[in-house]
Amino acid sequence: MKRIISTTESLCPVCLKKIGAIIWSENNESYMEKSCLEHGRFKALLWRGSMPMEEWVRHKVPATINKPNTEVAQGCPYDCGLCADHRQHTCTALIEVTQRCNLNCSFCFADANRNNQTDLTLDTIRSMYASVMETSGNCNIQLSGGEPTLRDDLPQIIELGHQLGFPFIQINTNGIRMGEDEAFVKQLKAAGLNSVFLQFDGINDEIYKKLRGKPLVATKIKAIKNCQRYNIGVVLVPTLVSGVNDDELGNIINFGLDWVPTVKGVHIQPASYFGRIPNLPVEEKRLTLGDIMDRIEDQTAGRIRKKSFAPPGCENARCSFHGNYMLQENNELMSVNNPANCCGKEQAEAGANKTKAHVSRKWCGHDLTAEKKQNVSHEDKEKDQWDKILERINRYSFSLSAMAFQDVWNLDLNRVKDCCIHVVNPKGQLIPFCMYNLTDKNGYSLYRKQ
Amino acid sequence: MKHESYDQTKWLCDKCQRELELAKVKVRYMEGNFEVDLMKCPTCNQVFIDEALALGKMKEVEEGLEDK
């Protein structure tokens, strides 16, 4: 029997008009259904798996945007900037420093290489950083694209961000230049690069040929080795596509664990249908967070249990899951999730602050502590042991997370209002990631390229 | 209370009147188990954690294990 879980608002995939939607569950699946007077009915899979969607909750008291950049005029999602109706602060601000790319992937939310936009000038980037600081205060920065490493002045862009007060700067990269150009990696480190979000779809070249157009496993390994050399933290980021690499999760996680402490975690992004896509979605083939949690437990032979995953304290619960672990000296993986987070109502703002601190602490490279002293007093001996535990926690922690981006088919505007990952446009406005990348059935964009 | 590294203050267990000794103690926080040397009464096993440790390294470890 179908159970109606909630009602919400969404958009028509054809005309992008706001329309009502219902969310219902049956057995282990949850769907969104909506209808546009002009363009008919649409049904999209939201969730599937042994963990029921209704139980994946984390209640938050909404945050208030202190300095909204835009007026509320037409209502969500047409006034992004952020507007006063938005309910969460920026945890990560993305700046797309170039639209150029050295790959031509079948899935590309940025639809890179398809427009003739020139690279942002350093002055524009400076004003974008300043706008983030004014609207959202200190948050984590991700420099993205296109492929950001195609810019020779990327080190200056990183330095600029640090100068303007952002302590954690990450790049989102395919790793090609990181693997081929060690001198460039050295420059990035010297500029203060903290972390690399490395596109990493598997350990099998057939996957890269399908998704990226060429074999890339050896290049990815070279990139990780260069990051290891210069002590830059790496997060492996697979785009997960049904029938291509959804059986590769266990291999990716095990590979990541073999590269701890350089690799800090795996962040899985199931394919969403916006930007450049090879086909319109076949709903039954969508991978949902519930599917991914089940598959991780299966494919790691229970080394990672789905009960170790928690809903996020920052964004909407249905947007992601995460688990935190520590690789012990005996190579066993210890789950370090906090069970206290499962109940009660938390402040969204506190969740954003905790997430910012957590990401910057766990995803960056850590320099080794100084050599131990000789002839220590008992208090020094105590401190040394705690330092050793701290070093283990900081250097050998491993995070596993997945984020389900929303496309025009499964869009729930309640989730948009809770979004904390914001793309900065050249005007300095902050657009929730999924809204910035959202395209209609024919590829028309709501925000990008405006 | 002194916390400098040269501090060699001796502590006495008031109940047992025994001097505390440095001994291996198992500590547990959330899912994490660690073994560390702490000052302990050899008779009743009561462990003494001084303020500097509780608010310093120990707190850092707790925060490191806490989730976002």
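User: Which residue is the bridge partner of A:Val235 in β12(A)?

Analyst: This model is predicted. In β12(A), A:Val235 has A:Gly265 as its bridge partner. That pair belongs to the pairing of strand β10 (residues 233-237) of chain A with β12(A), which run parallel and are joined by three bridges.

User: Which other strand pairs with β12(A) in the parallel sense, and over how many bridges?

Analyst: Strand β11 (residues 239-240) of chain A does, over two bridges. There, A:Thr239 stands opposite A:Gln269 in β12(A).

User: Is strand β12 of chain A enclosed or open to the outside?

Analyst: Count its buried residues. A residue is buried if 20 or more other C-beta atoms lie within 10 Å of its own. Strand β12 (residues 263-270) of chain A has eight of eight residues buried, so it is largely enclosed by the rest of the structure.

User: Now a sheet. What is the strand order in the open sheet of four strands in chain A?

Analyst: The order is β1-β2-β3-β4 (chain A), and the pairing is antiparallel. β1 (3-11) and β4 (40-48) of chain A are the edge strands, each pairing on one side only. From one strand to the next, the twist averages 25 degrees.

User: How many bridges join β2 to β3 in chain A?

Analyst: Six bridges join strand β2 (residues 18-26) to strand β3 (residues 29-36) of chain A, and these strands run antiparallel. One pairing to look at is A:Glu26 with its bridge partner A:Glu29 in β3(A).

User: Where is A:Ala301, and what is its phi?

Analyst: A:Ala301 sits in the loop between α8 and β13 (320-327) of chain A. Its phi is positive, about 50 degrees, although A:Ala301 is not a glycine. With 9 other C-beta atoms within 10 Å, A:Ala301 is exposed.

User: Next, helices. How are two packed helices described?

Analyst: Use the angle between their axes and the distance between the axes. Take helix α2 (residues 154-163) and helix α4 (residues 182-191) of chain A. They pack at an angle of about 10 degrees, with axes 8 Å apart. That makes α2(A) roughly parallel to α4(A).

User: Which residues of α2(A) and α4(A) meet?

Analyst: From α2(A) come A:Leu154, A:Pro155, A:Ile158 and A:Glu159; from α4(A) come A:Gln187, A:Leu188, A:Ala190 and A:Ala191. By class, this contact of α2(A) with α4(A) has six nonpolar, one polar and one charged residues.

User: At what angle do α7(A) and α8(A) cross?

Analyst: Helix α7 (residues 249-258) and helix α8 (residues 289-299) of chain A cross at roughly 65 degrees, and their axes come within 8 Å. They are therefore roughly perpendicular to each other. The crossing of α7(A) past α8(A) is right-handed. A:Leu249, A:Gly250 and A:Ile253 in α7(A) meet A:Arg295, A:Ile296 and A:Gln299 in α8(A). That contact of α7(A) with α8(A) divides into three nonpolar, two polar and one charged residues.

User: Where are cis peptide bonds found in chain A?

Analyst: Check omega. The bond from A:Gly81 to A:Leu82 is cis, with omega near 5 degrees. A:Leu82 lies in the loop between β5 (59-61) and β6 (92-96) of chain A. Another cis bond joins A:Gly145 and A:Gly146, with omega about 20 degrees. A:Gly146 is in the loop between β7 (140-144) and α2 of chain A.

User: What pattern does chain B follow along its sequence?

Analyst: The pattern is β-β-β-β-β-α-α. Of the 68 residues of chain B, 16% count as buried. Chain B has an open sheet of three strands in the order β3-β4-β5, with antiparallel pairing. Its edge strands are β3 (21-29) and β5 (47-48) of chain B. β3(B) pairs with strand β4 (residues 32-40) of chain B over nine bridges. B:Val25 stands opposite B:Val36 in β4(B).

User: What does B:Ile49 contact, leaving aside its neighbours within four places in sequence?

Analyst: B:Ile49 is in contact with B:Leu38, B:Ala54 and B:Met58. B:Ile49 is in the loop between β5 and α1 (51-55) of chain B. It has 14 C-beta neighbours inside 10 Å, so B:Ile49 counts as partly exposed.

Terms used
Residues are numbered from 1 along each chain as its sequence is written. Chains are lettered from A and ligands numbered from 1 in the order in which they are written. This is a predicted model: local features need pLDDT of at least 70, side-chain atom pairs count only at pLDDT 80 or more; totals for chains, interfaces and linings use all residues. Axes are lines fitted to C-alpha atoms, for helices over the stretch in contact, and angles run from 0 to 180 degrees between N-to-C directions. Angles under 35 degrees count as roughly parallel, over 145 as roughly antiparallel, 65 to 115 as roughly perpendicular and the rest as oblique. Two residues are in contact if their C-beta atoms, placed from the backbone, lie within 7 Å. Ala, Val, Leu, Ile, Met, Phe, Trp, Tyr, Cys and Pro count as nonpolar, Asp, Glu, Lys and Arg as charged, and the others, Gly among them, as polar. A crossing is left-handed if the near helix is turned anticlockwise from the far one by less than a right angle, and right-handed if clockwise. Two strands pair if DSSP finds at least two bridges between them. A residue is buried if 20 or more other C-beta atoms lie within 10 Å of its own, exposed if 12 or fewer, and partly exposed in between; C-beta atoms are placed from the backbone.
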